[in-house]
Amino acid sequence: MFQLGFLTFFLAVAVSALAQQGHPLTGTWNGDWGPTPTERTQITIVMTWDGKAVNSIINPGADASTGIVSLDPTNWTVRLEADVKDKSGKPVHVIADGKLEDVGAYHRTIIGTWRQGTVNGNFKLTRD
Amino acid sequence: MTHAKSKIWALSLGILLAYVPVSAQRAKSTAYDSDRKLKLSGTVTRIDWVNPSAFVFINVKDAVGTVANWAVEIGNPLDLQRDGWKWNSLHIGDSIAVEGIPARGAARQTLATSVILSKTGARLFTASTKPKPKPVSAPTPRWPDGHPRLGPPPGKTGYWGAPSSTVLVENTGVAIPMNKDGLLNNIADADKVAPFQPWAKAVYEYRQRTLFKDDPYNRCIPPGGVRHFQNHYGVQFIEQPEVKRILLLMGGGDRNWRIIYTDGRPIGHKDELVLTYYGASTGKWDGDTLVVDTVGFNEKFWFTNGGLPHTEALHLTERFTRSDFNTLKYQVTVDDPQAYTRPWSGGWNIQWVPDEDIQEYFCEENAESIFSR
């Protein structure tokens, strides 16, 4: 089962890794969020563009959840909303507002604020 | 400006304009600031006679005697040779005077508009001003079954080069001022270029504003999509009717190739294909026009000069019509519903280059000398 899960994750990463020059959010994004510089939680988000909406899978695998992502191309701001599980497994709502930096770069970033439940913090994601 | 000076500048500018597209692995708009001019005199220290562009390096002494080494881009070796210059036209130790366009930023680099050998007064680019002879007019060559030949007739050589346009814009009849790299004179004209989705327009404008600094072609990524037909280095059709396929060899893409199957196989679906730079192509004849459908593109490249984005949903329909021996009409319809609001079309003519084959070309040939400088 682990091998199948790993293979699924690997294929998801491999397929999304092809995307470089299309929709600027398409791809696999890795990074972390947290309320302080030392208290961080790793996050992985796979985003795809279907022509009308950006689809996202947060932390692919057993604890994966889907999110709603919107991009405002006039200022490259990005909003993510999702219901994820916290460390104890309880569902918690996430609202992240960020800005896409260096849009044309292979390893572009999204940096902004991350609110998870009642906890406020910041986040940084870099596209693989 | 005196009449004589203006003649010299006009000559140099003419040379430059004729010359700009030929060394364009890196878009000149990206590397050089055409609003400025530069004059240098110095001693040749190194000559790199390599693709995609030959460089001469010179030591230049300033007013207080400090010596700095400058890179002078002089053009593509193939074109320089056609114009009568050879790798040994200059020698280390020669003194030269250079007029050029300086590189953007602080790099000690210039794109030469003229180079004069001090000891003889010979102008390096003189031969470029000679008008190229027009090819002899002739009817479209044909196969025994009546289809036009897209390659050379038996016993001949030749390829398709010198496109009439090096940019792709929607064919609406509206002139959109831009340079040969596709850089708009006025960014407000973006809406006239193609029916972009909002994100695609924003990406296009970003690439324009940043002078194509992220263009994958600059890093030797292949010229997929329509881009190999915008390339000065040309394409060659190798028709193989016995196996029902046509090979397209690219002159500007590191000996790349593309296969067009004409055996009636259905066009593929991107979800079933390995996504590539050139996609999967099927072709059929519609009268004297070869119609080619291509899907299965990856998103690792820019499919045209100018920075128009695309997605994996891109479907190109190309129409090739050899209207006479020397002219190939190229029309393309771009259907990418994830980047554009509707299908749109554009095109240009490509000229036959007789009695030559496409030349060996490797874009990274001067990577060590230039990019690690």
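Modeller: What follows sets some computed values against their definitions. This is a predicted model, in which local features need pLDDT of at least 70 and side-chain atom pairs count only at pLDDT 80 or more, while totals for chains, interfaces and linings use all residues. Residues are numbered from 1 along each chain as its sequence is written, chains are lettered from A and ligands numbered from 1 in the order in which they are written, and side-chain values use heavy atoms, with hydrogens and water left out.

Colleague: Why is B:Asn231 called buried?

Modeller: Buried means under 20% relative accessible area, exposed over 50% and partly exposed in between, with a 1.4 Å probe and protein chains only. B:Asn231 has 9% relative accessibility, and therefore counts as buried. B:Asn231 sits in the loop between H5 and strand E7 (235-240) of chain B, where helices (H or I, at least four residues) and strands (E, at least two) are DSSP runs, numbered from the N terminus.

Colleague: What makes the pairing of the side chains of B:Asn231 and B:Tyr217 a polar contact?

Modeller: A polar contact is a pair of N or O atoms within 3.5 Å; within protein, one must be able to donate a hydrogen and the other to accept it, and residues adjacent in sequence count only if both atoms are side-chain atoms. The polar contact between the side chains of B:Asn231 and B:Tyr217 is 2.7 Å.

Colleague: What makes A:Asp102 and B:Lys213 a salt bridge?

Modeller: The rule asks for a side-chain nitrogen of Lys or Arg within 4 Å of a carboxyl oxygen of Asp or Glu. For A:Asp102 and B:Lys213 the closest N and O atoms are 3.4 Å apart, and the two form a salt bridge. Across the interface of chain B and chain A, the rule finds one salt bridge.

Colleague: How do you know how much area is buried between chain B and chain A?

Modeller: Buried area is the accessible area (1.4 Å probe) that two parts lose on being put together, summed over both. Between chain B and chain A this comes to about 1,500 Å², of which carbon and sulfur atoms give 56%. B:Trp199, B:Glu299 and B:Lys300 supply 35% of the area that chain B buries against chain A, more than any other three residues.

Colleague: And which residues have the most contacts inside the largest nonpolar core?

Modeller: A nonpolar core is a set of buried Ala, Val, Leu, Ile, Met, Phe, Trp, Tyr and Cys residues joined through side-chain atoms within 4.5 Å. The largest has 71 residues, and those with the most contacts inside it include A:Leu25, A:Ile110 and B:Phe237.
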